[in-house]
Amino acid sequence: MADVRVGVFICHCGTNIGGVVDVPSVVEYARALPNVIYAENNLYTCSEGGLASIREKIAEHNLNRVVVAACTPRTHEPLFKNTCEDAGLNRYLFEFVNIREHCSWIHMHAKDDATEKAKQLVAMGVAKVQWLQPQQEYEGDVLKASAVIGGGIAGMTSALSLANQGYEVHLIEREKELGGLVKSVNRLFPTNVDADKVITPIIEKAKANKNIRLHMPAELKDVKGFIGDFDVTIYENGADNVIKVGTIIVATGAQELKPDGFYNYGKMDNVVTQLDLEGKLKQDKKWIDDLAGVTMINCVGCRIPERTYCSRFCCITAIKNAWILREANPKAKVVVLHRDLMAYGVEFEEYYRKAMEAGVLFLRYNLDKPPQIIGKEKPEKIKIHDELTDSHLELPCDMVVLTTPLVSARDNEAVSKMLKVPLGDGMFFLEAHLKLRPVEFATDGVYVAGSARWPVDITESISQGYAAAAKAAIPMSSGKIKVEAITSFVNIGECIACGTCVLACPFNAISVVDTDGKMHAQVNEAMCKGCGTCVATCPSGAIQQKGCTDQQILCMIETLAGGL
Amino acid sequence: MIDNGFEPKILAFCCNWCSYAGADLAGVSRLQMPPNLRVIRVMCSGRVSVEWVIKAFSSGMDGVMVLGCHIGDCHYIDGNHRTKKRFVLLGKLLGALGIEPDRLCLDWVSASEGQKFQDVVTKFTSRVKELGPNPIVAA
Amino acid sequence: MIDKVRQIISDLLDRGEADAVLALANEHGNVQPYLYKKGDSLDNLVLWPKYSMGPIVQSIQNADPALKLAVVVRGCDDRALVELAKRNQISLFNVRIIGLACTEAEAKECACAHPYPRSIDVGDKIDGIVSSDELAEVSGKDYGGRLQFWKDAFARCIKCYGCRNGCPLCICEDCVLEDDAWVKAGEIPPPFPIFHLIRAYHLSDKCVECGECQSSCPMDIPLTSLYAMIREEFSGLFDYMPGADEDRKSPLVTSLEEEPIREGTA
Amino acid sequence: MNCDFVLTTCPYCGCGCNFYLQVIDGKVVGVVPCKTHHVSRGTLCIKGWSAHQFVHNENRITEPLIKKDGKFEKVSWDEALDYTVRRMLEIKEKSGPDSFGFLSSAKCTNEENYLLMKISRGVMGTNNVDHCARL
């Protein structure tokens, strides 16, 4: 190995390591390892003193490799890599050895074994560091433009937020008008404000905003490229149109379940869903006066084996509409049958109590004794089994409203294939991480907001719209993306273009190309996430991963096998 | 733990996002374990080459563990799907060649399963102790 | 049987459906692969012993991709060509297969379980050999017995790379078994089991049971039995047979959704 | 394009394994062991498999060369042979016949090996002659 000069820094971490591992003897042992020019122990390597020592020793001994044996790389690796960089050493010529969480803390009653293990782990680290190569991180440009798919409340919120920050936004809507589900809603809980009063101004603002190019009606056809340089093909006014953007926000929303096969829906008049009811309420309210009774049945088509999830806000919708009907016609018997009532939070609990005070009757029913609608063409009575009193009730009822869940949009599968993003339960889009990255996909540059991810009400759609816009703005504001240099690379001479790695890559980041007559695999560094799955499928090792080549791991195995 | 004086050499490949983090959690929770284990960190269990494990057994490792994220949790969507297929197959190939498949452990440990990491490592170490030294390298 | 093959070859060449036909010929007492052209005499045509046609088709296509080539293949060659095409090493577009089914004796020679090509032009399909007594003997042993059997067998290995060179599906430009990081140079026999188990793993989703590895082994190491066991384990896990279908991707490469592990085996 | 399989004997040692050189358009592209040959029966050793690789190798010496002030230069056969003979006799004169050693090659024919033996023993007067393929 061309003049490798290794510095080893072994940490006491106070007593966390030093209390179990005989650190000085490990330092002594490290001095004898191949190409180790300098080795020292520090009380706290991550302290300012420890970091300063690393910088000084790199300069003093002209070190070109650094090994730190301390806690876990998952927390401190960036800190030490930055320190090496400050000292003028390429940050990838660094290896971290975990002798705390993986050694001292779990072998507290076996000090000798722990020390022996620490020595071997350091030996493995020093063996690997010899083969590390300096790396440059790939930098790509990010177009300051975003494509928002879906012109519902979430999509418009994201579009307006990004447009107001000065980014060019392409808002793509499949229907003939913006607004999505909210357009077909009468009033909005919990304030009972008229839905149009909320959605119309947002639509106007979206149309008026000079940074928003509206593509409506337009169908998403294909998406190529990667963060910073997406080509989004849409079918608009009879022709394909390719839009070049840096980021994409998926806000395709969801749709109400039409519960065919439940309670004669579709076969009997006046058996409607909440959304159908919203439509009727929007037209006129006269028909409510001659209502004798209305029964709403909640959880229809959900929290059942085929569809296990709770759609979160359909209870509140039922309470809202029940209350409106009750207010309009105090004589009508308004009943809400539920299997549990989701009225979380201050406003919703308050809303629920007001509906009860207005005389809406809330009864619990059970799936094994469901309510029966009595009537020929349309409901006349309803037979309910009340669980509390374990008795049967017959109530007048000339309308049954089925409260059904939101289900995923029918073309989620197609969109997910185009964007190469996964689908989770119920075919909703699956976010990168429930808590840590809720509005992003694992694929960089693609974000998600609204009911496309799972059923959310308007307030949550708006907040997720803002969140997705904020996340999308990060790469677009800097205009640059840096990719950590742990991606794969191909040795063209060794590659026979068999395409195995192309199939193995979860991110479609590899393609077979022709370079002056020789066919070979090529890795797109902007798309490669550095998982290394391709490297393990290549039989000849023609493709390797920076920082994790076969050579670097094999010498660790040999060090370990030889050492014991 | 059967104490027949034989201390097995055990190597584990852990993925940065799940099993390595689970190991860290076991450390933070001071869950004590037998000291036979040495961990090599990879970004994804999908990076663990079957050839590495073959090399490990060939060079005298008594037991090798491949620990990744649970199926469906992989940070790289489905890198660990390949891991599962490869190492279920390797277990069979080892058996065909006469190496006890129990010397190879394929399991899934999430970042929050420190306890499971301790269990898996402790059980595997005693199982390898039972099986005795690596038969390839012995005599 | 051989006259029928002669007829097919001469028709193809005369009608110009093939520019050349790859088959075998007995020249001066030794049998060799032979590329027949229009007008060549077919008197010396023979069908046995079989030679591995995959690599020869590959070398011919590399030299002249547009050549309309016909080739007399047995089941194993047919499957080898499919696997080579699957990995972009050849294109089957310009290859006309003349399918030859193996006889009982020929099938027994390589203990072949599928002694017939996908479409048979000459010969009749017979049932394959499911197990040889050697295979039965090995798989009957316990782990210790098996290990000893294979240790003794591979102790004879002189690392001539014949098994790899003869194998139609060992297609790497730069073989890891010649890389010092994996197998040190000059170590004879190569350390057990790294050499043979790495190759066995590499072939586990490609082996078309052509028996060329054992027929190329100067030390008579029972590789046919080894690869029969490898194939048995592989097909036990995956509903996949190498060489059966050009469009089926190898299960080791795809996700569990695309190609799951069989129930009850994982 | 034409593709021929030329039967030949492996030049590396005395075993005499036979294989076919696969020749496409005049270029040796590979080796196929001859399955019907009674000696090798379709198998080869590592040298047999790679015996053909020197044929088109760009490092192969194809003309006589003499090193002049540190660099090899092409010369005619006559000049090369005259130079060799002159130097051999000078050295024999100065340091005696046993200062020489002759190593023949399996790639040469038996006759050539015989002639080399004659030169070493008859002309140079030394017994230091051997052959690399002396299996």
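This is a predicted model: local features need pLDDT of at least 70, side-chain atom pairs count only at pLDDT 80 or more; totals for chains, interfaces and linings use all residues.
How many of the 6 residues of strand 18 of chain A are buried?

**View 1. Strand 18 of chain A and its pairing with strand 17 of chain A.** Strand 18 of chain A, which spans residues 333-338, is mostly covered, with 5 of its 6 residues buried. Strand 17 of chain A (residues 293-297) runs parallel to strand 18 of chain A, and the two are joined by 5 bridges. One of the residues to look for is A:Gly293, whose bridge partner in strand 18 of chain A is A:Lys333.

**View 2. An open sheet of 5 strands in chain A.** The strands of this sheet follow the order 10-7-6-14-25, and their pairing is parallel. Strand 10 (212-215) and strand 25 (446-448) of chain A form the edges, each of them pairing on one side only, while the twist from one strand to the next averages 20°. Helix 11 of chain A (residues 458-478) lies across strand 6 (145-149), strand 14 (247-250) and strand 25 of chain A, and the helix runs at about 170° to strand 14 of chain A.

**View 3. The crossing of helix 1 and helix 4 of chain B.** The axes of helix 1 (residues 19-28) and helix 4 (residues 114-131) of chain B come within 7 Å and cross at roughly 95°, which means that helix 1 of chain B is roughly perpendicular to helix 4 of chain B. From helix 1 of chain B, the residues B:Ser19, B:Gly22, B:Ala23, B:Leu25 and B:Ala26 meet B:Gly114, B:Lys116, B:Phe117 and B:Gln118 of helix 4 of chain B. Sorted by class, this contact between helix 1 and helix 4 of chain B has 4 nonpolar, 4 polar and 1 charged residues.

**View 4. The side of chain C that touches chain D.** Here 23 residues of chain C are in contact with 22 residues of chain D. At least two residues of this side of chain C are supplied by each of strand 2 (30-37), helix 2 (54-63) and helix 7 (162-166) of chain C, and the largest share, 6 residues, comes from strand 2 of chain C. By class, the side of chain C that touches chain D has 14 nonpolar, 7 polar and 2 charged residues.

**View 5. The domains of chain D.** Chain D is divided into domain 1 (3-54), domain 2 (62-95) and domain 3 (97-135). Taken over C-alpha atoms, the centres of domain 1 and domain 2 of chain D are separated by 34 Å.

Definitions and conventions:
Residues are numbered from 1 along each chain as its sequence is written. Chains are lettered from A and ligands numbered from 1 in the order in which they are written. Two residues are in contact if their C-beta atoms, placed from the backbone, lie within 7 Å. Helices (H or I, at least four residues) and strands (E, at least two) are DSSP runs, numbered from the N terminus. Ala, Val, Leu, Ile, Met, Phe, Trp, Tyr, Cys and Pro count as nonpolar, Asp, Glu, Lys and Arg as charged, and the others, Gly among them, as polar. Domain bounds come from an automatic or database domain assignment. Axes are lines fitted to C-alpha atoms, for helices over the stretch in contact, and angles run from 0 to 180 degrees between N-to-C directions. Angles under 35 degrees count as roughly parallel, over 145 as roughly antiparallel, 65 to 115 as roughly perpendicular and the rest as oblique. A residue is buried if 20 or more other C-beta atoms lie within 10 Å of its own, exposed if 12 or fewer, and partly exposed in between; C-beta atoms are placed from the backbone. Two strands pair if DSSP finds at least two bridges between them.
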